[in-house]
Amino acid sequence: MDGELIIRPVEQALYWILALVALGLELWAVIDCARHRANAFEATGKRTKTFWLALTGGAAAIGVLSLLTSGGGFLGTFGLFGLAAVVAASVYLADVRPAVKDAGRGGSRNMGPYGPW
């Protein structure tokens, strides 16, 4: 029983920290998506800006809800929707953001010693 009294607050603090990190990732994705021009999304073939704003905005809303609901379940950080929100924001940041960022500059950043790769 004494071990449970020690572990429970540590576990809750860990979940709170992970929820904050997930929310930060989701907010970064939605703010970055809002910054870029709509034609940059179509030029790279990465759906539309409206689609990505809706997806990352929904992810951020779920992140806020998962931070507020500490009980877990579907809306918790490790629940079904919480994990889907983190995945959606991560896909945007890892795949769409670099392509849209390059399209805004008019070129590719991926330059090797013999040209682009």
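How exposed is Arg8, in terms of relative accessibility? Arg8 has 46% relative accessibility and counts as partly exposed. Here, buried means under 20% relative accessible area, exposed means over 50%, and partly exposed lies in between (1.4 Å probe, protein chains only).

Welcome to this structure. This is a predicted model, in which local features need pLDDT of at least 70 and side-chain atom pairs count only at pLDDT 80 or more, while totals for chains, interfaces and linings use all residues. Residues are numbered from 1 along each chain as its sequence is written, and side-chain values use heavy atoms, with hydrogens and water left out.

**Salt bridges**

A search of the whole structure finds four salt bridges. The term stands for a side-chain nitrogen of Lys or Arg within 4 Å of a carboxyl oxygen of Asp or Glu.

| Pair | Distance |
|---|---|
| Glu11 and Arg8 | 3.9 Å |
| Arg35 and Asp32 | 3.6 Å |
| Asp32 and Arg97 | 3.3 Å |

Let us begin with Glu11, which is partly exposed at 30% relative accessibility. Glu11 and Arg8 sit three residues apart in helix α1 (residues 2-35), about one helical turn from each other. Helices are DSSP runs (H or I, at least four residues), numbered from the N terminus. An α-helix has 3.6 residues a turn, so residues three or four places apart point the same way.

Arg35 and Asp32 are also three residues apart in helix α1, and about one helical turn separates them. Which of these two is buried, and which is exposed? Arg35 is exposed, with 60% relative accessibility, whereas Asp32 is buried at 3%.

Asp32 also meets Arg97 in a salt bridge. Asp32 lies in helix α1 and Arg97 in helix α4 (residues 80-105), so this pair ties together parts that are 65 residues apart in sequence. Both Asp32 and Arg97 are buried. Through salt bridges with shared partners, Asp32, Arg35 and Arg97 form one network.

Leu18 is found in helix α1 and counts as partly exposed, at 34% relative accessibility.

**A loop and helix α3**

Arg47 lies in the loop between α2 (38-44) and α3 (49-68). Its phi is near 60°, a positive value in a residue other than glycine. Arg47 is exposed, with a relative accessible area of 56%.

Buried residues of α3 are Lys49, Trp52, Thr56, Ala59, Ala60, Gly63, Ser66 and Leu67. Seen down the axis of α3, they fall within an arc of 130°, so they line one face of the helix. That arc is taken from the directions from the helix axis to the C-beta atoms. On the face turned away from the buried side of α3 are the exposed residues Thr50, Ala54 and Leu68.

Terms used. Helix = DSSP H or I, 4+ residues; strand = E, 2+ residues; numbered from the N terminus.
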